[in-house]
Amino acid sequence: MSPLPLPLLGTVPDTAAIAFVAAVVVVVGGSGFVTVRRRRRAGQLPERQRPERELETDQPPSPETAPATGPSVTTGPPVTTGPPPASVPDHGLVEAPPALEAEVPAPPVGPVLDERAKAPAGAAVVEAGEIAAPSLRSRLGRARGLVAGYLGGVLERSRIDAVTWDDLEEALIRADVGVATTDALLAELKDQVKAERIRDANSLVTALKERLVAVLDDGDRSLHFEEGGPNVWLFVGVNGVGKTTTIGKVALSQMGSGRSVVLAAGDTFRAAAADQLALWAERVGADLVRGSEGGDPGAVVFDAVQRAAAKPADLVLADTAGRLHTKVNLMQELAKVRRVAARPPAIVSEVLLVIDATTGQNGLAQAREFGSAVGVTGVVLTKLDGTARGGIVVPIQRELSVPVKLVGIGEGAADLVPFVPAEFVEAVFARD
């Protein structure tokens, strides 16, 4: 194409000519639009009918959504029934009346951990009997679901055959009972089937449950307390199993039963461990003895015993730093804490190993090593309400003769409950 001739610009290239024409159109069109808009505002032209969506944004606020113009008489933030009004141009309309405010209570000032934190110091905030303890069956639904398929396959068979025994073996292993303990249990169960001439699957599963209950029911599961001086309950275990939280829940339970408690923050290595225990001490109304960060944990436990003897208090619940059971030097240090805690007038009546139920068969190795170092008297199994199966309690009881005394089945203050073998077995192996 040849260049276009323009009267004012002469001959210019095509591209420049097109750009010039477009600019002239924009300027002329824009000035016309502005002129029409000004005349419409002045009333010389009728108002253009706009879509409903645009009218909604330009409408003045209704009485329900208009902002209040006077001071609020409520103690909390104003509450309205609609969204906050948008800014509206002045169209000469009558101003909307102020909106009515709903009276709401003032929000609490400062963080509130729990209603138990409001009690005065020196008194138990919540009595243990005031909180309804949950049942194992209600919290072990996930564990029950993991073995239900294999157990259901057994119960659906009309006779006992090799596949039946395979399904039972799979169910026990999936419940974290362990290979060695499973083999021993099934060997004993086969002998019982032959001796008692068990023929149907229901009787077989019932016999298995009874055998599991008999294994777990062997031992004293009570928490020991001896007269004659402050009793010390030492809590040990690896990192992250829930020792400090368990101590707080045990303190709540013991104070609810009428015993006075002193908490010893013996975990001087984990950051904020003493602060976490201090929160529990405040919630339950117990005394707390703590040392400097990185200090000697044995000295903390010793001072707590002296405080309990002078007060006097019935019970010292001593926290310890989490440590790997494979570290010999750390286990020797824990044994030293155990010896210091046993100095007169104290009586070490319980050494409780806290095990995370989700660790599976590693819990058996932990129980073995901690038992040889400090003489574990019982096990507290935590986090059973998650994906854990809990069957690790069977080899611990069977191979080490260490009873499970408490189980944690939730995060609430009442979610640490005594271990009842029959209830536990039924919760895991029941068919919903």
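I began with pairing, where two strands pair if DSSP finds at least two bridges between them, and with strands themselves, which are DSSP runs (E, at least two residues), as helices are (H or I, at least four), numbered from the N terminus. By that rule I noted that three bridges join β8 to strand β9 (residues 404-408), and that these two run parallel.

Before going further I wrote down that this is a predicted model, in which local features need pLDDT of at least 70 and side-chain atom pairs count only at pLDDT 80 or more, while totals for chains, interfaces and linings use all residues. Residues are numbered from 1 along each chain as its sequence is written, and side-chain values use heavy atoms, with hydrogens and water left out.

**Whole chain.** I looked up the elements and found 14 helices and 10 strands. Of the 432 residues, 39% count as buried, where buried means under 20% relative accessible area, exposed over 50%, and partly exposed in between (1.4 Å probe, protein chains only). I then took contacts (heavy atoms within 4.5 Å) between residues at least 6 apart in sequence, and 73% of these join residues at least 24 apart.

**Around β8.** I returned to strand β8 (residues 378-382), where five of the five residues are buried, so the strand is largely enclosed by the rest of the structure. Which residues point each way from β8? Gly378, Val380 and Thr382 point one way, and Val379 and Leu381 point the other way. In a regular strand the side chains alternate between the two faces of the sheet. Strand β7 (residues 347-356) runs parallel to β8 and is joined to it by five bridges; one residue I followed was Val354, whose bridge partner in β8 is Val380. From β7 the chain passes through helix α12 (residues 362-374) to β8, in a β-α-β crossover that is right-handed, meaning that, with the strands pointing away from the viewer, the path from the first strand over the helix to the second runs clockwise. Val380 also has a bridge partner in β9, namely Leu406.

**Rings.** I searched for rings of Phe, Tyr and Trp (its six-membered ring) with centres within 6.5 Å, calling planes under 30 degrees apart stacked, over 60 edge-to-face and the rest tilted, and the count came to one aromatic pair. The rings of Phe419 and Phe424 have centres 5.3 Å apart and planes at 55°, so the pair is tilted. Phe419 is buried at 3% relative accessible area, and Phe424 is buried at 4%.

**Charges over rings.** I counted a charge over a ring if NZ of Lys or CZ of Arg is within 6 Å of the ring centre and within 35 degrees of the ring normal. Lys190 lies over the face of Trp165, at 5.3 Å from the ring centre, and Arg259 lies over the face of Phe225, at 4.1 Å.
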